[in-house]
Amino acid sequence: MDVRSIREELLKSFENVRTLEELEALRVRFLGKKGVIQQGFKKLKELPPEEKKAMGKLLNDLRKEVEERLASVRERLLEEERKQQVERERIDVTMPGTELAWGSTHILRKAKEELQYIARKLGFTIVDGPEVEDDFHNFEALNFPPYHPSRDMQDTLFLPGGLLLRTHTSAVQIRALQRKKPPVRIFTVGRVYRREEVTARKFLAFHQAEGLWIDKKVSIGHLKGVLAEFIKGFFGPGYKLRFRPSYFPFVEPGMEVDVECVFCGGKGCKVCQYSGWLEILGAGMVHPNVLRAVGYDPEEYTGFAFGMGVDRMVMLKYGINDIRLLFDGNQKFLRSV
Amino acid sequence: MIVSLSMMKKFLGDDVNIDDIMHRLEHHLEVEVEETYDLVQNFYDVVVGRIIDKKDKGYVVDIGDKQILVSSFGTVDLPRYMQVAVAPVGAVIGDTTVEKRGQYEGIIPTLSMLGIPEVAMLPSEGGVSVFPYDVEVGTPLEEALGLPDKIFDIYIAPPRGDLGSVWGFVRELGRVFGVEIKIPEFPKVDISEGDIVSIESLDDTPIYAGVLIKGVRIEESPWELQRTLAYLGIRPIYNVVDITNYYLAVYGQPMHAFDWDKVKGGKVIVRRARDGEVITTLDGVERKLDEDILVIADAEKPIAIAGVMGGENTEVSEDTENIFLEVAYFTPIVVARSSRKLALRTDASYRFERGIDPSKISAYAKMAAEDIVKMAGGQIISFEKVGAEWDSKEVELNEKKANILVGKELDWKKEVVDLGFEYKDDKVIVPSFRHDLNITEDIVDEVVKKWGYEAVEEELPTYAVTWEPDDEVVRVDERLAHELAAHGLMEVWTLSLMDPDDVKKARVGEGVPLLNPVSKLYSVMRPHLLPSLLIAQKSNEAYGIEDVFLFEIGKIFPELKEQRQVGILVSGNFVLSDWRHLSVPADFFFLKGILEDIFRRWGIQAEYRPTEKPYLHPARAAAIVVDGEEVGVIGDLHPDIVDAFDLRKRPVVAFIDFELFEKYMNRIPKAQVPVKSPALWRDISMIVPKGLPMEEIIKAIKDSAGQYLESIDIFDVFEDEKKIGKDLRSIAVRLVFRKPDGAIESEEADKYMENIYNRLESMNITIRKGKERR
Ligand SMILES: [Zn+2]
């Protein structure tokens, strides 16, 4: 048997293999039970002993070589086939993705949660209160005496039965103070109502956030310090605060708080009407009459309160020019913010 | 408050830098400059002229050196002899030079052409400024108008009544900014004569001065007074009223003049009204009075509402000869109450309820009476005063409290003296016009305002770290909103005030009406979220968005019982856009699937019972029942309502009581830990009577399937009269069995299946032949 010629034939056959099936046929032909190499081994015993050994080695080497060849060609063929498969499965990745009606929470809720998150980190507890209120919680306990001109500051929507729609979240203060004991640190975000003609800037309803801290020896300095921390939480560090005297019946001293315009860094821009400041907060030291109304001793406790318009902050932040959009259900708008 | 620079300058030196002060104002006082109007000369060679005659469509006017024919820009026909501003040929107005036009040699410009803002209440006719005869013909207009000048519109916080006049305002500028001011000469009046006045309600009327002046002539005021009032935002009327208005605006002292000859019995009585008394006020409105309201009365009847408005019955008119001038201090509360009870606000009530100066009643009475005599003639017959004025009051200062508020120990005596007040034995002596200063905190406020808040150092408080739970409703609301959003729904926060028609159209009862709505569109409190969500859908459709997936956790107010409701509305296709034609129609079962998953996460076991609601499709609606109670509904919107709201797509809606979630907030669902042992499944294909609810079939299977049934999946339902038969439907389900501790044997499953088949067949269900069939 001419092993050398078999080897040559074999190597040549491998070069022409195109598919795994052809490769399998080759394997059977050379390595199968009836294959060339097995046949060779069978014929070994017919050889004289001196040739037997040499031939045996040749056949073994050949089998090893064939096995190696088979493996490498298989690998090549598999690789090619995967390549073809991949090519068949090619897509245009620039086609758009499937657009589902993905949901989201409301922009005002996002703002509410952000404010609550900051408040919680500063040690405030989140409280809630009703929107339909009585005169005591919305006015009288907050040091708006009956018939007092301070009541004109907030045009009120009235309901039957001596009820009204709360004009500020400060009403929640009273309810919370009534059921808690000092020290009290509370924060609330909620909807309030005013009797307003509807325009792009003013609406019958809007949302306020309000914080209250009552403890022994709370000072104006504390109010300034905590507010600065709060603003740091909302806008980031580095913005100056400015306090101006103002009047709210439930605080004394009372002040308005401006934040250095976060859009222009105080240089002046359209958003801040070129003043360099955003007027966003009202604050003050809780009026002793308020403490008295809820049964706290103003000789023992002092406190501060601060509040802000949530809608206004959201409108500033996202460049929304009409407050009514916040109350509309337009999905295009809602998905954009 | 409207103040003019020219008026302020009567109390300030000419060299005061008012712009600088206005700039610093709001950092030290609770006021805000809302608007500044510059009155500047934007014209040349415009003069005051007198209309001599009318010719064609123009006017012949005398402008001093000649008479010319001019046309008018006024909107009304001007009478002969009226004095107006005239711009002859060659005069300049703004950027325009007046030229000869046809026969006209000039024009009569309007106030707005001359750049005079509306806030200046100059006397005018049809937009044209008119002048009394004490302005000489030919006077340059800038001189007549006193240009340049400035008008400030200033917001003053309610307790600072003391700032509500030119004098009061300037007085405070002097104190706070150290500006030098010229204090007017206030006459001392100690005499009191006459027996006209009698005060029955002394508590309401601490001080009352009355001056009887006889022989006055009611006529137009001199130009200077008219112009002064105009720049204070007050329209001039006639001399006596103009003088009282002048004292109101300049000194903050309201006054009222009665026609003495109409006051019956020669008596002026200050008393509470009697229930049922009636008065017609100067605005022509008849008002019913009660005992809370303070009135001025003559011997017979009320003739004015004290501090608010006079009565028609004693109104001063052109024929009036004798007047009774009232200058009083009514308490803030009595005027505020009268004014609010009658819903009548006036400049006078505004002053009284904020508190006027109790130290100068008779001084102002004397000054005004003398001005009246000077301007309108006549003679002061009597000057009567009841009650005594007071200059100052004491405010107790609790230094310990004050130190806490400012965060350090201060020399309060020094601070108080710096404010311009006196300090005696823990008491601060403040002027009586400072109605806003009453307690320690007010004095602290006053001190800190003077410093400016930047002077107070920031400080961070320390507190004990204790844990206190948030109100649970807040956490429930948050969690629910996030879960609904995660299920593909978009949250909306709609308005809780509605048009009652929308509530009615949505068939959800009636909303509680507001007592004082701004408009019908927002006049009732919604009793349900449905109308809000339908309006939101409609707004989307109007915008071209027809696939709408919304939810709201909102307040509703059925019969004023405020509560939260969860509302969901879906319509159209959940796949908004896909080029491979994917489609997930938002139908009843789509929304039910969302609810089922949410309930699963909260550990809520809900059942669905066919139901009828006025707003839901009668055959496609279910009540959601939990723990035997109806907690919500789900269903297609009633076709009538689809039409009523003119919707393009019929939505499916669900409403669930928020309370349900509060109840389940703290129930922790049991985790389903995946079991590794192999499952075994069996399919059942059956023909079922159409009226048999699926729920009962599933219950039957569960009851008879033994303990290892893991799940039932309905994978096919169809109806076909020809193939299956009338009133029948074909249902195929797959049952999965699994044992927690090892493989379940086929024979065992077969045993359970046998039970199931028997049970189903007992319910009139036919099990179809199939490979699972025995
Ligand atoms: Zn800016």
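**A pocket and a helix pair in chain B**

Counting what lines the second largest pocket gives 22 nonpolar, 7 polar and 17 charged residues. Keep in mind, as you look around, that this is a predicted model.

Let's stay with this pocket for a moment. The space inside the second largest pocket comes to about 2,200 Å³, and 46 residues make up its lining. If you want to find the middle, look for B:Lys592, B:Glu596, B:Tyr608, B:Glu695 and B:Ile698, which lie nearest the centre.

Which elements of chain B build the lining? At least two residues each come from α16 (588–602), β35 (606–610), β36 (616–626), α19 (694–704), β40 (709–718) and β41 (728–738). Of these, α16(B) gives the most, with 8 residues. Now step back to the level of domains: the second largest pocket lies between domain 5 (472–664) and domain 6 (679–773) of chain B, because both of them give residues to its lining.

Next, move along chain B to a pair of helices. Helix α6 (residues 239–251) packs against helix α9 (residues 361–376) at an angle of about 145°, and their axes are 10 Å apart. The crossing of α6(B) and α9(B) is right-handed.

Where do the two helices touch? On the α6(B) side you will find B:Asn239, B:Val240, B:Ile243, B:Tyr247 and B:Tyr251. They meet residues of α9(B), including B:Tyr364, B:Met367, B:Asp371 and B:Ile372. The residues of this contact divide into 10 nonpolar, 1 polar and 1 charged.

Notes. Residues are numbered from 1 along each chain as its sequence is written. Chains are lettered from A and ligands numbered from 1 in the order in which they are written. This is a predicted model: local features need pLDDT of at least 70, side-chain atom pairs count only at pLDDT 80 or more; totals for chains, interfaces and linings use all residues. Side-chain values use heavy atoms; hydrogens and water are left out. On a 1 Å grid over the protein atoms alone, a cavity is a set of points where a 1.4 Å probe fits but cannot get out, and a pocket is an open set with protein on both sides within 12 Å along at least five of seven lines; lining residues have an atom within 4 Å of a point. Grid points are joined across faces, edges and corners, and a volume is the space filled by probe spheres set on the points. Helices (H or I, at least four residues) and strands (E, at least two) are DSSP runs, numbered from the N terminus. Ala, Val, Leu, Ile, Met, Phe, Trp, Tyr, Cys and Pro count as nonpolar, Asp, Glu, Lys and Arg as charged, and the others, Gly among them, as polar. Domain bounds come from an automatic or database domain assignment. Axes are lines fitted to C-alpha atoms, for helices over the stretch in contact, and angles run from 0 to 180 degrees between N-to-C directions. A crossing is left-handed if the near helix is turned anticlockwise from the far one by less than a right angle, and right-handed if clockwise. Contact means heavy atoms within 4.5 Å.
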